[in-house]
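Please read the following note beside the model, taking the numbered points in order.

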Amino acid sequence: MTDFFQYQNNYLIVVAFLLLGILLPVVALTAGRFLRPNKPTIEKQTTYESGIEPFHDARVRFNVRYYIFALMFVIFDVETVFLYPWAVAYDKLGIFALIEMLIFVVMLLIGLIYAWKKKVLKWS
Amino acid sequence: MSNIPLSVYLVTALALFCIGLFGALTKRNVVIVLICIELMLNAANINFVAFSKYGVNPNITGQVFSLFSISIAAAEVAIGLAILIALYRNRSTVNVDEVNSMKH
Amino acid sequence: MDLETLLSYQWGAMAPEFVILGVATLLSLLDLFMSKDKDRKKLAWVGLGGIIIALIFLLGQLNDPVTIILHETYRLDSFAKAFKLIFLVGGAFVFLIAASYEPKEGLQDRGEFYYLFLTAMLGAMMMASSADLITLYVGLELLSLSSYILVGLRKKNKQSNEAALKYVINGGISTAITLFGMSYIYGLSGSTNLYEISNQLGGLLTGELQYIASIAFLMMFVGLSFKIAAVPFQMWAPDVYQGAPTPVTAFLSVISKTAGFVIILRLFVVTFIQAPGIGGQLPLIVSMQSYLAVIAGVTIIIGNTIALKQHNMKRLFAYSSIAHAGYLIVPFVAFSAFMFESIWFYLIAYLFMNLGAFALLQVMIKQSDSEDVTAFAGLYERSPWLAILMSIFILSLAGIPGTMGFIGKFNIFVGILTARPSHYMLAALMMTGTVISYFYYFKIMQQMFFRRASQVTAIKLPVGITVVVVLCALGTLLFGILPNVAMDFFYESFNFTDFFSQ
Amino acid sequence: MIDSLLQSSPTVWTFGAFFALGAGLLAVVLGFVTYGILAERKVMGFMQARLGPSRVGGKWGLLQTVADVLKLLLKEDSIPKAADKPLFVLAPVLAFAPAFMVLAVMPFTEVFHFADIGIGLLYYIAISGITTVGVVTGGWASNNKYALLGGMRAAAQMISYEIPLVMSVIGVVLFAGTLNLMEIVEAQKNVAFIFLQPIGFVVFFISAVAELNRTPFDLPEAESELVAGFHVEYSGFRWAFFMLAEYVYFFAMSSLITVLFLGGWNPIPFLGFIPGPIWFALKFSAIVFVMIWFRATFPRVRADQLMEFAWKVLLPIALANIFLTAIVKELFF
Amino acid sequence: MSGMLLSMLVFSPLVGIVILAFLPKNNEKLIKIVGFCATLLPLILAFIIYGGFNQAETNSQFVESYRWLAFGDSKDLPIQQLVINYELGITGLSLVLILLTAIVATLASIASIHIKKEWKGYFMLFLLLELGMLGVFASENLLLFFVFFELTLVPMFFLIGKWGYDDKERAAYSFLIFNGIGSAILLIVFAALFAKTGTLNINQLVEIMSFPDKHLANFGISESFRFGIATALLIAFGVKLPIFPLHSWMLRVHVQAPPAIVMIHSGILLKIGAYGLIRLGIGVFPDEFQSMAAVLAVLGVINLLYGAFLALIQSDFKMVLAYSSISHMGIVLIGLGAMNSSGIQGAIFQVISHGLISALLFFLIGVIYERVGTSRIDNLGGLAKVMPITSGFLLAGAMASLGLPGMSGFVSEFMAFLGLFGTMPLIAAIGALGIILTAAYLLRAVLNVTFGKTKTYKNEIRDIQPIEAVPIVVLLGFIIGIGVFPNILSQSLQTTLELIMLGIGG
């Protein structure tokens, strides 16, 4: 039973930390509201654009490269899902796992080379 | 050892699945549709993990399955987004119902 | 697990897969490191070579006993061999078609075009030999993901984009449904090994668990109906067939569909053969028959009737392929003793007639720059031989005797009528569908033979297409007139009882 | 104390206890941030042959940061009209909360630790990723071109360096055979992983610096290029929370490096008489110092160099490192 | 060699197809001559077989059997092995029909001189059609029967759709779809029979179906199953025959198709329906058909009267003939409905004689249309003056058709009604009205055309050419020959008839 308590308590701690992490900004900002002045003017509330009048909406189409990097991240990050359990259990798995993972990582590497050659990794 | 019964997980998963399915079938924005599909897949993952701990015959295979399904889902979404980008370049829309140039 | 266990596996069983994997990797590297201005069509021949080597390996394995390796996740039994044969032969044909594919706006990613076919085939082959939910699912997705990209490969073409998007969305939804069904099966049995599941379900399933099993069954079937383009997941087919590059369409309609049937057979027949259905009297798979019959019937009717008003050839073939999916579900529904051979034979017939038709379709679309039925107008005047070859394929699709399509249908009939109870309704539905299909199949004939051509120049066939078309026509006729060549081969090489042996 | 708490049955009271302990840690962290900033300024002042803060709080300017914080607290907080208000308010919280949450699994000494989760490392990596969302949200919500661009850049950078970061740890996991941070520290009883994993350490360290948006990888906040990056529209205490998050994350990352590579509280051989907490503090301070040192020494890299470095240099090295480690382990252990 | 005589006969048109394939496309004369000669080969073979046929033998003759298609051949499966053989063989009935096919095909190839385009394709399809028809009559196996049956559909579709008149494509479709439905039903029936009995050999089926009910139940064959199959067969062949509500396609075909093809269609293809009803229907399911005798007879009378009435009001000569075909097929049904020896003999006679007569009449109308450019009765008239010989032949044909004694039509009608009067006198009496109507509509049409008011024709009209006269003379010869000496037919048919009578217990 204690094992299970420990298991639950561990996540209770996580929840406590989450609460703290949220509470601190909330409390601090609420407290600050009583201390700080609040005199909004139109100039103050204008978006900053290096001194000129802001034009257009800021939410323009931005470079597709950002998306492509996001895609690459998703692929590579998720593939590590396989690497972690493998690394943890490596002692028990032995050479077979090594060879399997070698194939896996070589495939991953080919993916990287592919992206490289297709100039996806180029910025600008 | 458990004080959260299996059925709670199952109902959660089923609810998630239904929300996902509903969203996937009704939403217009492709990104949201993809997210809804993700939701459905993760509902299945919850099932796998729950069964692997509390099922009739608890074993690790369910978790392994969910690992595979997570990574495959990622690949699927990546492809979905890539295709969406290609479509957006040509059509400037991400709405499903505007994608209909092939009605006989 | 050390080196000895590693070496104790009979890796030879996986030789065809390894060859395909190797060639796919090789092609991708070649594509990356080839200089930009080199013609990448050569890669197609490399790929073709790989498929042929894999085919040789497979033929070498024909008489091997059942081989089970990798902790019983991979099994090489007759079922796997029989269907891998279809994949590889079909793949070779698709490569020949793809080698001469020249879309109007050009194809930027020709390298990807070729090796994604191989990865998709690898997925299909994995499914054929897999005995585990996980590997089945991975194989299914490998196939799906590759084909999503293939469909959208004409990046500059709006229709291709749209098709790919629809394919991804529909595919994603159906995959999720399948996976959810699988999760229940795992929950009920506590295992992902199909044979283990079968034993578990056979022993333990009682009371409300039977309902869950039935729901899981239906969910998986509904999800997998996407791959075979059957109701309720048939909506994508017309758009995707239209938008995808023609070789990809051919691939989807033949290999992808075959793969769908492979996973359906493997998954449902093994898993649910022992499981009791609701109430516990009948096996689950039998108690589900009425639902499946509805799916089959609606698929046949929808496919055939909507095809009637299509003018775009690719859409027309999409609906025709939906209808054929319906025909192919029928033996599974009836669960007859000849289920495997009927489906196998019909799929081979479908391979020949559909790939042949698509090969010619690609040529005609290129010729007239239109996908309309009228592209075929006056083909008989222009190139009589092409018209005759096309008629052979169409007659076979329509199920006219003398062709393989007829024998395939007859096989199905005999199968479902020998089953107990006999399924007269399904037979009648199938025949109704077939008669309706005459309308649109003969519409093409009408164009080819009765209409005048807008141009009179003869049509030149690229080598690859010629080979495909001639081989397909020969196959369609030979196995149509002498079906026992194929059936004897089947019975001599394969013994489907080992499908169930553990 | 924590161990006994962990083993008791979970009730509201234990939760209260955890909450109180967490608050204590929060106080410590805030103290660190206060004096970390001061230390940074002092060290940089020293390196650049100037004094740094020296007015408020005596000769060493001990109260300088406190004064800064108070000033921020009293400053007017303006939200641009064009901003997406709910997201604008949410963003600092989203950035800060995960930075603090990751500390829940950090073992400082054998006794002084909080949650002892089996997958602590994975938890750390997963939670820390959320910060990126906060940054992008802030940039997006501001509805300012600089902010948006800064936010996107920050996100791109963070996700790019996340991958070598994640992969370089695998070497450590291979040796330790666990994802539990406490067990990882215990596995370093004899030799710290920095010696077994030099390549992994270097990759991890570089990625960590980039993850923290610190020089030489501080492009998202590069004032000379993007005004002030994603938080250009933030002012007052809201802005302070972005800064706070950054430094809390700094704290967490330095602790993590200490735990993963420097052996945590384990003493250096023959110096076992010095207690664990001090060892931890020493190692931790060394890391902090090196990072500050970096800031004073290195020029900022260019945007394209930054991204390509992660994908073309660090990632292949990290992948190679995994294999090197696995083979070394297969052969020698 | 003689063991494969029947196969040689069935596939002999292939020789012509292959030769034609290598001929130049535009050499009209050569193609037509080769096309004609190609039809002689089956004709000769058919006569050889006729010569070798043993009239006294009851079993099928010239039997061939090869393993063709097998199911469930797996070594370990405990499934009964289902084998379909390639089986050919003929009985008296099929022999007569094969002869008819060979003769009409040869004559139709002569009639094909009027074809104006793409002769090569035409003759190739024509020969393919002949192959199919010969195969249908020579098959002893139902699947093989079906294969050949369907094989006639495709060439017919093209022959109508490409070489027909104005509304040809619709006619072609309508032909295809109606016959498609018919064959669809047939296929289900065959598959069901195969699934239950494990064989598709006609003779074996006859044997199995004559088992006592209890034994049949072991096969899973219930009474209702047999009854269902019999009904399905009636519908399937009823489309082909055609029986009244299912006839509309046939009118279109008769009006739109080229004359040579109509000769074949009305002369032979329709007879497949009758052949199927007799051989597979009454032959295999005698009891079921006996219980449907009244239905058959009523349908026959309806066909007879309906066809006759409508023929009376048609303004197009082709339509008159088309309805007359429906009417005459009614007589076949009447004969079958009688379910006695003379009735069935009458039906069979009618099958043959109508084959000859309608071929003759359609050939003649084709000749007229060729010259005048119309077949409307209003626009024709006084042909006796411009085309005296043709008109004479036309008159003779009409006489044969309305059953003038001394011609084949008389024999068959007489026997059919004789049979029906024996079993259902009332229905027969109503039916007899049809005979009078037949005379009325035929005389109206023919007399109007030949002796009616002379119309002015644009072109100069030539009378019939000698080459065209050949088919007419041959056909008339047979018609009169059968009329005068019915025995030349009944001799060959005797054994078949006896077998059928044995089945229905008459």
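Is E:Arg67 buried, partly exposed or exposed? With a relative accessible area of 43%, E:Arg67 is partly exposed, where buried means under 20% relative accessible area, exposed means over 50%, and partly exposed lies in between (1.4 Å probe, protein chains only).

This is a predicted model, in which local features need pLDDT of at least 70 and side-chain atom pairs count only at pLDDT 80 or more, while totals for chains, interfaces and linings use all residues. Residues are numbered from 1 along each chain as its sequence is written, chains are lettered from A and ligands numbered from 1 in the order in which they are written, and side-chain values use heavy atoms, with hydrogens and water left out.

1. Salt bridges in the whole structure. A search over all chains finds 31 salt bridges, each being a side-chain nitrogen of Lys or Arg within 4 Å of a carboxyl oxygen of Asp or Glu. In general, side chains of opposite charge can pair when their charged atoms come close.

2. Chains C and E. E:Arg67 forms a salt bridge with C:Asp488, with 3.3 Å between the closest N and O atoms. Because C:Asp488 lies in helix α21 (residues 483-493) of chain C and E:Arg67 in strand β1 (residues 61-71) of chain E, this pair joins two chains; helices (H or I, at least four residues) and strands (E, at least two) are DSSP runs, numbered from the N terminus.

3. Chains A and D. The contact, which means heavy atoms within 4.5 Å, takes 71 residues from chain A and 90 residues from chain D. About 7,400 Å² is buried between chain A and chain D, and carbon and sulfur atoms give 74% of this area; buried area is the accessible area (1.4 Å probe) that two parts lose on being put together, summed over both. The rule finds two salt bridges across this interface.

4. A:Asp91 and D:Lys329 form a salt bridge whose closest N and O atoms are 2.4 Å apart. A:Arg36 and D:Asp77 also meet through their side chains in a salt bridge (3.7 Å, N to O). A:Arg36 lies in the loop between α1 (2-35) and α2 (42-45) of chain A and D:Asp77 in the loop between α3 and α4 (85-101) of chain D, so the pair joins two chains. A:Arg36 is buried at a relative accessible area of 13%, and D:Asp77 is also buried, at 10%. A network of salt bridges links A:Arg36, D:Asp77 and D:Arg238.

5. Domains of chain D. Chain D is divided into domain 1 (1-53) and domain 2 (79-332), with bounds that come from an automatic or database domain assignment. Between them, these two domains of chain D bury about 1,800 Å², 84% of it on carbon and sulfur atoms.

6. A pair within chain D. D:Glu40 and D:Arg295 form a salt bridge with their closest N and O atoms 2.7 Å apart. Because D:Glu40 lies in helix α2 (residues 12-47) and D:Arg295 in helix α13 (residues 276-297) of chain D, the pair ties together parts that are 255 residues apart in sequence. D:Glu40 is buried at 2% relative accessibility, whereas D:Arg295 is partly exposed at 36%.

7. Backbone points to check. The peptide bond from C:Val231 to C:Pro232 is cis, with omega near 5°. C:Ala229 has a positive phi of about 55° although it is not a glycine, and C:Ala229 is buried, with a relative accessible area of 1%.
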